[in-house]
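Subject: Structure for your review

Dear colleague,

I am handing over the structure we spoke about, and my notes on it follow directly below. Please read them with the model open beside you.

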Amino acid sequence: MFWPVSEAIEDAMALNKARSLLSILLATCQQTLLALDAVANVLDTDMTEDLRGMIVRTESELEVVTEKLAAFRGGLPLHLRLADGGDAGELRLPDSGV
């Protein structure tokens, strides 16, 4: 499947943004859980269980986004993968199988 360069770049930017936000969310949840565990937070077990669940879900989503980004990058021409300017042509993206 062929995509215009500008549309493909927007898709890559959206994937990068999603990966960054998920990384921030994951780190925040992990650090909060560490802090709660350090003070032996036995009063709010629901919160710690929610954080553990959020960590698992976020790690899973992060994996999916990272795989999509890797597949996207694998379909870019070499000159665009190296970010040396590119051209206004079309990109060959991996076939999604759909």
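The chain exposes about 6,800 Å², and carbon and sulfur atoms supply 60% of that area; accessible areas come from the Shrake-Rupley method with a 1.4 Å probe, and for residues only the protein chains shown count as cover. Please keep in mind that this is a predicted model, in which local features need pLDDT of at least 70 and side-chain atom pairs count only at pLDDT 80 or more, while totals for chains, interfaces and linings use all residues. Residues are numbered from 1 along each chain as its sequence is written, and side-chain values use heavy atoms, with hydrogens and water left out.

Of the 98 residues in the chain, 23% are buried, where buried means under 20% relative accessible area, exposed means over 50%, and partly exposed lies in between (1.4 Å probe, protein chains only). The chain has three helices and two strands, and along the sequence they follow the pattern β-α-α-α-β; helices (H or I, at least four residues) and strands (E, at least two) are DSSP runs, numbered from the N terminus. Taking contact to mean heavy atoms within 4.5 Å, 64% of the contacts between residues at least 6 apart in sequence join residues at least 24 apart.

The core

The largest nonpolar core has 14 residues, of which Leu15, Leu51, Ile55 and Phe72 touch the most other members. The elements that give two or more residues to this core are α1 (5–38) and α2 (45–74), and α1 supplies the largest share, eight residues. By nonpolar core I mean a set of buried Ala, Val, Leu, Ile, Met, Phe, Trp, Tyr and Cys residues joined through side-chain atoms within 4.5 Å. In soluble globular proteins, nonpolar side chains tend to be buried together.

Helix α2

The 30 residues of α2 should span 44 Å at 1.5 Å a residue, and its end C-alpha atoms are 43 Å apart, which agrees; the expected span of a helix is 1.5 Å times one less than its number of residues. The buried residues of α2 are Thr48, Leu51, Ile55, Thr58, Leu62, Val65, Leu69 and Phe72.

Which residues does threonine 58 contact, leaving aside its neighbours within four places in sequence? They are Leu22, Leu25 and Leu26, and threonine 58 counts as buried because its relative accessible area is 3%. The side chain of threonine 58 also reaches the backbone oxygen of methionine 54 at 2.7 Å, a polar contact being a pair of N or O atoms within 3.5 Å, where within protein one must be able to donate a hydrogen and the other to accept it, and residues adjacent in sequence count only if both atoms are side-chain atoms.

Threonine 48, also buried, has 6% relative accessibility, and, with neighbours within four places in sequence left aside, threonine 48 is in contact with Leu33, Leu36 and Asn41. Threonine 66 of α2 is partly exposed, at 34% relative accessibility, and its C-alpha atom is separated by 9.4 Å from that of alanine 18, 48 residues apart along the chain. Glycine 53 in α2 is partly exposed as well, with a relative accessible area of 21%, and the C-alpha atoms of glycine 53 and cysteine 29, 24 residues apart along the chain, are separated by 9.8 Å.

Salt bridges

Where a salt bridge is a side-chain nitrogen of Lys or Arg within 4 Å of a carboxyl oxygen of Asp or Glu, the count comes to two. Arginine 52 forms a salt bridge with aspartate 37, with the closest N and O atoms 3.6 Å apart; arginine 52 lies in helix α2 and aspartate 37 in helix α1, so this pair ties together parts that are 15 residues apart in sequence. Arginine 52 is partly exposed, with a relative accessible area of 34%, and aspartate 37 is partly exposed at 42% relative accessibility. Glutamate 49 and arginine 52 meet through their side chains in a salt bridge (3.7 Å, N to O), and both lie in helix α2, three residues apart, about one turn of the helix.

With best wishes
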